[in-house]
Structures are given as C-alpha cells and as structure tokens.
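Here is a short note to read with the model open. Take the points in order and find each place on screen.

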Amino acid sequence: MDAVVMDSLEPLVTELRSRGFTVVGPVARNGAIRMDEVSSAAELPRGKGDQQEPGRYRLTERDDDMIFDFAASPDSAKRYTQPPRQTLVRMREETVEEVEPEAPLVALLGVRPCDLAALAVQDRVFLGGRHPDPAYRRRREALFLVTVNCAVPGGTCFCVSMGTGPRASTGFDLALTELAAPHRFLIEAGSERGAEVIEALPHVPAVQHDLVAAEAVSRTAAEHMGRQVETEGIQEWLPEAHDSPRWNEVASRCLACTNCTMVCPTCFCTTMEDTTDLGSGTAERIERWDSCFTLEFSELNGSPVRGSGAGRYRQWLTHKFATWFDQFGTSGCVGCGRCITWCPVGIDVTEELANLR
C-alpha cells in the first residue's frame with residue numbers, strides 16, 4: 001500500500017480503540033515522557049522536547065505543534081512483552097494452579113525504530129531457541145506496533161552506529177513520519193492489518209513533496225546523532241580487553257544500581273521470588289526483572305561468580321556488544337542511549353568502548 005497523509009492522529013487512536021486495543025502512547029508526566037494509556041490524541045505531548053546527556057534528562061517546552069520531537073523515553077516495548085513482575089504458579093493449600101499469562105490487546109503508538117530492533121532481539125531470545133516462551137509469544141502477538149521515524153535524536157543516541165535507525169524498515173504495523181509546515185503525518189503500512197487500519201481512516205495519498213520531506217526528516221536525524229560507536233571487529237577486540245585496567249576505573253564510578261539494565265530494551269534477565277500469604281493460605285512463585293549487576297545474580301554455592309564491580313560491568317558490556325553475537329547471532333545493543341541517560345553517575349558506554357579499543 002502506498003504512503004498516505006493525515007492531518008491528525010485522533011482518527012487513528014479512535015480506530016484502534018474500536019478494534020479492542022488499549023492504546024499506549026507517550027505522555028508528559030512527572031517531568032519526563034512516559035508510555036501510558038491514552039484515550040485521545042489530545043493527551044500526546046504536543047510541543048514537548050527533551051535534553052538528554054550522560055546522567056541527565058530534562059523535559060523542555062517547544063514553540064511548535066510537533067508531537068514526537070523528543071528522543072527515546074525511559075519506557076520501551078519490553079514492559080509489554082516481558083512484564084516487570086508476573087505470577088507463574090499459585091498454590092492454595094495443596095492445590096497448585098498455573099496462572100494464565102495476561103496478553104491484552106495493546107497498540108503501542110510512538111515506538112521508536114531502535115525499540116523495534118530491540119523487539120526483534122527479544123524475539124530471537126524468547127522465540128528462536130529450542131524452548132520458545134509461550135507467554136512471551138502470546139503478548140507479542142497481541143501487540144499492534146505504530147512506529148515513529150525519529151526526527152530529533154537525543155544527546156545519547158547512537159542508533160546509526162548500530163544500524164537500527166533513525167528510520168524503521170521492518171517490524172511495524174504502521175510507520176509514522178511527522179512533518180511540519182504544514183503539520184501532518186505521513187503513514188506507511190508494514191502489515192496487512194496495518195493496511196486495513198489505514199483504509200478505515202480519513203486520508204489522502206502522499207505526493208512527492210511529502211515523500212521528499214519524510215526522507216529529509218530521517219536524513220537530518222541521522223546526521224545529528226549524539227554519540228557513535230566503532231563496531232568493526234568488536235566481537236574480537238572487546239573480549240580480548242578482559243584484563244584492561246579500564247574495568248577497575250569504571251567500576252570505581254559504577255553504583256551497581258541496575259538502572260542501565262532496567263531501562264535497556266533488550267536486557268532480559270529475571271529471577272524467581274516465592275511469597276507466602278498466611279492469611280489466605282496461598283503461596284506464589286513470581287518472575288521479576290533482575291540484573292547481572294546484582295551480587296546475587298551469579299551466586300553459586302553461596303558465593304557470587306562475579307564478586308567485583310569490575311567483573312560485573314565487564315560481563316554486561318562484553319555480553320551486550322560482543323558475546324551476544326555468539327549466543328543469539330546479533331548485537332545486544334540497539335543504540336537507544338537509555339543506559340547513558342539514566343545512569344546516575346553518567347557512565348557512557350560509547351566512551352568506555354572507545355577507551356577499551
């Protein structure tokens with residue numbers, strides 16, 4: 001289906017809701033852009049921008065009507081494919097109940113191309129092996145993905161280096177490019193159900209001027225990345241830096257707070273937690289997000305395998321950029337820059353990689 005143009009996203013939100021989807025999109029809340037349920041396009045963050053640098057995030061006011069002129073928010077699609085907490089099994093006295101995983105119909109509006117790439121990485125992790133995760137599959141199939149091609153990369157973005165943006169090429173149902181002067185949205189279908197949604201919306205065919213303007217948006221974004229990473233040969237040289245003194249230097253700054261792994265759209269580590277409610281006589285086994293930065297994560301026989309901060313940071317960075325290829329056939333990083341922005345001490349992975357090379 002050829003690209004079309006719409007003046008407003010209100011019909012899109014209305015149509016998706018009429019099809020039974022809970023529409024989740026960006027909203028300005030508590031000084032940040034967060035992903036939350038929206039019932040109207042009026043709730044989207046019109047005229048909002050952001051400033052992102054290592055350890056720094058600030059929401060800003062713009063003097064225009066643009067809705068998506070900000071970089072990646074702290075929320076990614078991971079929250080909807082791999083919930084932070086989920087009950088797996090519940091026991092009532094001597095009866096064991098398997099808890100049916102929730103898989104609501106969710107339309108994610110405003111997914112960035114780097115997050116689409118992250119979903120593809122998670123698909124490989126959870127669905128590509130010998131033991132695919134049926135709960136992940138159900139949640140993944142329940143998603144309707146509306147991506148937004150980036151116009152304003154953040155100060156910590158490096159998706160061009162990782163080949164994941166700023167323009168989406170696959171993995172979406174609909175792709176939006178927000179255009180100015182006049183304000184409008186160029187929309188492309190990436191699936192049959194995406195094309196069906198477009199057919200139900202008021203639109204006009206895109207003309208050459210619209211297509212040229214959309215190409216200019218992506219080209220300008222690619223030219224204004226805040227960071228870059230030299231990835232050539234990284235599978236070889238990064239593991240070979242195992243004994244570099246740089247690991248101890250970065251460990252002296254790292255708080256092991258796990259922020260980087262919590263906001264990362266591809267990190268998937270979890271742990272099991274057993275709880276008991278004596279009042280109701282029930283016990284539950286809960287899966288929750290965990291991080292390789294915690295001491296307990298690598299504990300064997302009462303002692304952690306990686307007891308030092310340097311060892312844990314080395315494990316994370318080397319796995320993410322090098323040995324992930326050996327395990328899953330792809331990089332574990334998509335260049336979204338969240339780990340840099342939301343690190344409270346401003347550790348910059350692009351800087352660390354440059355110093356280790």
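1. Start where two helices cross. Helix α3 passes α11 in a left-handed crossing. (A crossing is left-handed if the near helix is turned anticlockwise from the far one by less than a right angle, and right-handed if clockwise.) The contact is made by Val121, Arg124 and Val125 of α3 and by Trp324, Gln327 and Phe328 of α11. Contact means heavy atoms within 4.5 Å. By class, the residues of this contact divide into 4 nonpolar, 1 polar and 1 charged. Ala, Val, Leu, Ile, Met, Phe, Trp, Tyr, Cys and Pro count as nonpolar, Asp, Glu, Lys and Arg as charged, and the others, Gly among them, as polar.

2. Some ground rules. This is a predicted model, in which local features need pLDDT of at least 70 and side-chain atom pairs count only at pLDDT 80 or more, while totals for chains, interfaces and linings use all residues. Residues are numbered from 1 along each chain as its sequence is written, and side-chain values use heavy atoms, with hydrogens and water left out. Helices (H or I, at least four residues) and strands (E, at least two) are DSSP runs, numbered from the N terminus.

3. Now the geometry of that pair. The axes of α3 and α11 come within 11 Å and cross at roughly 50°. That makes α3 oblique to α11. The cut-offs: angles under 35 degrees count as roughly parallel, over 145 as roughly antiparallel, 65 to 115 as roughly perpendicular and the rest as oblique. Axes are lines fitted to C-alpha atoms, for helices over the stretch in contact, and angles run from 0 to 180 degrees between N-to-C directions.

4. Helix α3 (residues 113-127) also packs with α4 (residues 134-141), at an angle of about 150° and with the axes 9 Å apart. The two are therefore roughly antiparallel. Their crossing is left-handed. Which residues of α3 meet α4? They are Leu119, Gln122, Asp123, Phe126 and Leu127, and they meet Tyr136, Arg137 and Arg140.

5. Look next at α11 and α13. Their axes come within 12 Å and cross at roughly 90°, so the helices are roughly perpendicular to each other. Tyr313, Trp316, Leu317 and Phe321 in α11 meet Val349, Glu352, Leu353 and Leu356 in α13. Here the count is 7 nonpolar, no polar and 1 charged.

6. Stay with α13 (residues 349-356). Val349, Thr350, Glu352, Leu353 and Leu356 are buried. (Buried means under 20% relative accessible area, exposed over 50%, partly exposed in between, with a 1.4 Å probe and protein chains only.) These buried residues pack against α8, α9, α11 and α12.

7. Pro84 sits in the loop between α2 and β6. The C-alpha atoms of Pro84 and Glu287 are separated by 8.0 Å, though they are 203 residues apart along the chain.

8. Two cis peptide bonds deserve a check. One runs from Gly165 to Pro166, with omega near 10°. Another joins Ala181 and Pro182, where omega is about 0°.

9. Asn30 has a positive phi of about 55° although it is not a glycine, and Asn30 counts as exposed at 76% relative accessibility. Thr258, also not a glycine, has a positive phi of about 75°. Thr258 counts as buried, at 14%.
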